[in-house]
Amino acid sequence: MNSLAEYLVEAERNHGHMCPGQVLGVRMAMLGCRLVGIEEPKIGKRLIVFVEIDRCAADAINTVTGCRLGKRTLKFRDFGKLAATFLNTETNEAVRVVAVESSRELAKQLFSHLPTKKEQQLEAYKTLPDENLFIWQSVNVTLSDSDKPGHPLTRVECVECGEGINDHREVFHDGRTLCRACAGQRYYEVLEGDCRSEVV
Ligand SMILES: [Zn+2]
Ligand SMILES: [Zn+2]
């Protein structure tokens, strides 16, 4: 594992700016990896991270762990919490780490000589011990075969729209195989007359 300072340089580059979320995310990921016994997170695909927020810290967790959506090593669980679970798939050890609310107040108190909230938090999150920033607990996470890295287990076509579906994400409805969108879970609305597939 690299040092905090090294990861912060990398995090700023990866994320586009330096912010308290980068520091917390880097610290959270370093702690999480250590807690599940992974010293070199970027080697191999032993580590799976379940991240519970899609804000700044999520990028920092990617910087440290190398876990990515496209490798199936990063799982997004949209809970809106600055928290993540680190799973070592070799040992099955998993630890959930959550940032504590009180660290904001602590940053304000301890670094009141710094002019802005951002600077206070940056400094606090770089220097305070893990115990002041996070709580963590061992958890049990079951990763199904269809969520693991590697080749897709299955591929079927939706009988309604014809689009391909990997890894058992299809839904069976009245004996028909449907994608989640056609089964009523569509997050978009198709606009009439805007199909581009036939334009060359
Ligand atoms: Zn940011
Ligand atoms: Zn469909």
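**Reading the model**

Modeller: Let's start with helix α3 (residues 56–65): nine of its 10 residues are buried, so α3 is largely enclosed by the rest of the structure. Buried here means that 20 or more other C-beta atoms lie within 10 Å of a residue's own, exposed means 12 or fewer, and partly exposed is in between, with C-beta atoms placed from the backbone. Helices are DSSP runs of H or I with at least four residues, strands are runs of E with at least two, and both are numbered from the N terminus. This is a predicted model, where local features need pLDDT of at least 70, side-chain atom pairs count only at pLDDT 80 or more, and totals for chains, interfaces and linings use all residues. Residues are numbered from 1 along each chain as its sequence is written, while chains are lettered from A and ligands numbered from 1 in the order in which they are written.

Colleague: Which residues of α3 are buried, and what covers them?

Modeller: The buried ones are C56, A57, A58, A60, I61, N62, T63, V64 and T65. Their cover includes α1 (4–15), α2 (20–35), β1 (47–51), β2 (74–76) and β3; contact means C-beta atoms, placed from the backbone, within 7 Å. After α3 comes G66, with a positive phi near 75 degrees.

Colleague: Which residues other than glycine have a positive phi?

Modeller: Most residues other than glycine have a negative phi, and most peptide bonds are trans. Here, N92 has a positive phi of about 70 degrees, and D167 has one of about 55 degrees. N92 sits in the loop between β3 (83–88) and β4 (93–99), and D167 in the loop between β7 (164–166) and β8 (171–173).

Colleague: Now helix pairs. At what angle do α4 and α5 cross?

Modeller: Two packed helices are described by the angle between their axes and the distance between the axes. For α4 (residues 102–110) and α5 (residues 117–127), the axes come within 8 Å and cross at roughly 105 degrees. That makes α4 roughly perpendicular to α5. On this scale, under 35 degrees is roughly parallel, over 145 roughly antiparallel, 65 to 115 roughly perpendicular and the rest oblique. Axes are lines fitted to C-alpha atoms, for helices over the stretch in contact, with angles from 0 to 180 degrees between N-to-C directions.

Colleague: Which residues make that contact?

Modeller: From α4, S103, R104, L106, A107, K108 and L110; from α5, Q120, Q121 and A124.

Colleague: What does V159 touch beyond its neighbours in sequence?

Modeller: Leaving aside neighbours within four places in sequence, V159 is in contact with R176, T177 and L178. V159 and R176 are 17 residues apart in sequence, yet 6.9 Å apart in space, C-alpha to C-alpha. V159 lies in the loop between β6 (155–157) and β7.

Colleague: And the whole chain: how many helices and strands does it have?

Modeller: Seven helices and nine strands. The radius of gyration is 21 Å, well over the 16 Å that the globule rule gives for 200 residues, so the chain is more spread out than a compact globule. That radius is taken over C-alpha atoms, and the rule is 2.2 Å times the number of residues to the power 0.38.

Note on methods. Contact = placed C-beta atoms within 7 Å.
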